[in-house]
Amino acid sequence: MLNQKTIKSSLCISGVGLHSGKKANIRICPAAPNSGIQFKRIDLSGNNIVIPNIFNVSSANLCTTILNDNGISVSTIEHLMAALFCLGIDNALIEIDNVEVPILDGSSKIFIEKILSTGIIETNIPIKVIFINKFIELKDGEKFISIEPSKTNLLIDFEIKYQNSLIGNQRNIIDVYNCDLSEIYNSRTFCLYEDVKKLQSLGFALGGSLDNAIVVKDNLVLNENGLRNEKEFVNHKILDCIGDIYLSGFKIIGKIICSQGGHKLTNDFLRKVFSDKENYSIQEIRGTTISKNIVNRVALKSIA
Ligand SMILES: [Zn+2]
């Protein structure tokens, strides 16, 4: 359970990007222990590897975009990253032939199903995890996010507050390593009907449709079959949060509390957390016990 995992064999997924509207084909390939998650833009040659690292995030306004030193980017990586995190995939190479990961149904459901049907293999190399050493928080007006130490789990306590009465205030608390996460995986991205035209006039959501996003107009969900679960809105925000924290490179042990956050707040916060080595430690987990050996500076470099 606590050894590094990758997928059994390569799998392909195709679809349009939510914001670019461009079709992309991705191939998720097995990768060696300690190589982590990497994206490779196979439509371009040379310096086409893009690492999903918090310090490589170039934009986090509507989705999470990562950029390498050569100016090559991959966007909307968060739902795929969340699927990899939740399934415990430590190492994978994701080949992609365009700028944006397919949005599919707007959740992580299809990524999860495809990876599970392909299979996951475990190596004999122990995983590394990040322990949080102290309380750290970031506030931005009414929005805030904090993290504090916990023993063995990752708790996410998230709330949203919308003026729209259908979305309203929702809160959910998830124990990521122990809960049934299916309602988190399946929860779709959402937007207000009045924002759709605005976003599209700015060149975003060009691939958006009722097949890949919940659209709310006043008191109504415009999607034919309604919501997939009672807390789908906040559950999607938790899914985004899980995907974004995987850009720290490893699983995290800690308790996160977030109110009204999103990709940008999470990324600003993680930059703050990982800018100070006093805030965290990385440990190798052997068997079921936690090693006292704090991984050395070389390992720290891989996330900072
Ligand atoms: Zn999302």
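I began with Glu159, which in this predicted model is partly exposed at a relative accessible area of 23%. I then looked for its partner and found that the side chain of Glu159 meets that of Lys161 in a salt bridge, with N and O 3.9 Å apart. Lys161 also counts as partly exposed, at 43% relative accessibility.

Next I asked how many salt bridges a search of the whole structure finds, and the count is nine. One of them joins Arg228 to Asp105, whose closest N and O atoms are 2.9 Å apart. This pair links distant parts of the chain, since Arg228 is in the loop between β18 and α5 while Asp105 is in the loop between β9 and α2, 123 residues away. I noted that Asp105 is buried because its relative accessible area of 8% is under 20%, whereas Arg228 is partly exposed at 38%.

I also looked up Glu113 and Lys109, which form a salt bridge at 3.2 Å from N to O. Both lie in helix α2, four residues apart, or about one turn of the helix.

Turning to the largest pocket, I read a space of about 960 Å³ and a lining of 37 residues, with Asn61, Leu62, Tyr162, Phe190 and Lys237 nearest the centre.

With Leu210, Leu220 and Leu222, Tyr193 forms a nonpolar surface patch of about 360 Å² of accessible area together.

Notes:
Residues numbered from 1 in each chain as written. Predicted model: local features only at pLDDT ≥ 70, side-chain atom pairs only at ≥ 80, totals over all residues. Heavy atoms only, no water. Patch = residues over 30% accessible without salt bridge, like charges linked within 9 Å, V, L, I, M, F, W, Y side chains within 5 Å. Areas by Shrake-Rupley, 256 points an atom, 1.4 Å probe, with all protein chains shown as cover. Salt bridge = Lys/Arg side-chain N within 4 Å of Asp/Glu carboxyl O. 1 Å grid on protein atoms, 1.4 Å probe; cavity = no way out; pocket = protein on both sides within 12 Å on 5 of 7 lines; lining within 4 Å. Points joined across faces, edges and corners; volume = space filled by probe spheres on them. Helix = DSSP H or I, 4+ residues; strand = E, 2+ residues; numbered from the N terminus. Buried < 20%, exposed > 50% of the residue type's maximum accessible area, 1.4 Å probe, protein only.
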